[in-house]
Amino acid sequence: MKLNTMTTVPIPLRDLASKLGCELKGDGDIAITGVAGMEQAGPTELTFLANPKYAPKVKHSRAAAILISEPLQQSSPASLVSANPYHDFARALALFYQPPRPKPGVHPQASVAHTARIGEGASIGPFAVVGEHVRIGRNAILHPHVVIYEGAEIGDDFLAHSHSAVREYCRIGHRVILQNGVVVGGDGYGFAKTSEGTHFKIVQSGITVIEDDVEIQTLTSVDRATVGETRVKRGAKIDSLVQIGHASVVGEDNIICAQTGLAGSSVLGKNVLLAGQVGISGHLTIHDNAIVYAQSGIGGDIEEGAIMSGSPAFDSRDWLRAITAFPKLPDLIKTVRQLEKRIQQLEGAQASSQ
């Protein structure tokens with residue numbers, strides 16, 4: 001799919017190289033009007049090659065220039081040599097496209113409590129609600145239908161898309177992004193069974209804390225704690241449809257992919273990666289730099305740097321051998337039964353001869 005670009009001012013390739021800190025190979029006067037994927041890029045657009053296995057596609061691309069980790073053998077297209085082509089492609093994209101930013105001010109149809117304190121440069125859209133004693137820093141953007149409950153404290157450069165909500169007394173740091181439908185600080189799932197067999201709701205008196213530079217994608221819930229706090233640490237990126245249970249800790253720079261669920265009191269270290277549909281049973285620790293592959297089920301602690309797969313999860317290398325053997329199990333069982341039958345026949349023949 002072609003990437004949308006909004007700038008109407010072309011950027012000469014040499015200027016783009018300078019802005020990105022890349023080495024230019026080729027014609028620096030080429031006017032770049034936007035960025036696009038390898039197969040969709042046109043003769044005035046920049047593309048990128050992050051994975052060398054796709055190098056053969058370069059000669060078929062119509063792109064004017066390419067971000068690449070090593071100089072091309074051919075002279076065309078022009079190239080920007082980068083230590084991290086994918087990162088620089090993202091930076092280039094930001095030069096050509098910025099999402100529309102609403103004008104500062106409070107829309108007449110917004111509701112902002114008199115006791116709330118909103119920093120300068122904020123934009124609060126129609127039908128947004130800011131409760132009593134809320135504190136929001138500078139340059140915040142609250143799109144329509146955002147709700148900030150009483151006593152919440154939020155830092156600078158906050159961006160909340162429509163229908164996201166921050167519950168009472170929760171704390172959010174600087175440069176945090178909440179995509180549509182995110183709920184920060186909803187009640188944790190806590191009930192005590194009574195002697196009559198009914199379920200008594202446990203008041204969720206704790207809060208949720210979101211540290212600086214966190215982004216949370218659409219329809220994700222980060223529950224408040226029963227007591228104490230749930231915390232998402234600096235730089236974590238949480239995908240759509242993720243559940244973070246009460247009193248959990250998500251570590252610095254974690255990547256948590258879609259449809260993952262963390263039961264209560266899960267603790268994740270730094271740089272943990274959870275692929276899609278991972279399930280965490282709770283009250284356990286996943287240590288720094290661990291990787292858990294998609295659809296894995298985690299029922300115990302994971303050591304630092306481990307790579308896990310399967311449900312229940314175990315070492316990924318063993319898991320790969322196991323799934324290779326799995327389709328062969330019916331034949332193996334058949335062979336074992338044949339061997340057992342043959343052994344019984346041999347034992348019977350031996351007993352008859354004695």
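For this tour, Ala, Val, Leu, Ile, Met, Phe, Trp, Tyr, Cys and Pro count as nonpolar, Asp, Glu, Lys and Arg as charged, and the others, Gly among them, as polar. You have a predicted model open, where local features need pLDDT of at least 70, side-chain atom pairs count only at pLDDT 80 or more, and totals for chains, interfaces and linings use all residues. Numbering runs from 1 along each chain as its sequence is written, and side-chain values use heavy atoms, with hydrogens and water left out.

**Stop one: the largest pocket.** Select Pro99, Leu159, Ile177, Gln179 and Glu215, the closest to the pocket's centre of the 25 residues that line it. Its lining divides into 14 nonpolar, six polar and five charged residues. A pocket here is an open set of points on a 1 Å grid over the protein atoms alone, where a 1.4 Å probe fits, with protein on both sides within 12 Å along at least five of seven lines; lining residues have an atom within 4 Å of a point. Now colour helix H2 (85-96), which gives the largest share of this lining, three residues.

**Stop two: the second largest pocket.** Move to Leu49, Ala50 and Pro52, which are among its lining residues. Here the lining comprises eight nonpolar, three polar and one charged.

**Stop three: around Phe158.** Show Phe158 and find its contacts (heavy atoms within 4.5 Å). Leaving aside residues up to four places away in sequence, Phe158 touches Asn139, Ala140, Ile141, Leu142, Ile148, Val166, Ile172, Val176 and Leu178.

Technical notes
Helices (H or I, at least four residues) and strands (E, at least two) are DSSP runs, numbered from the N terminus.
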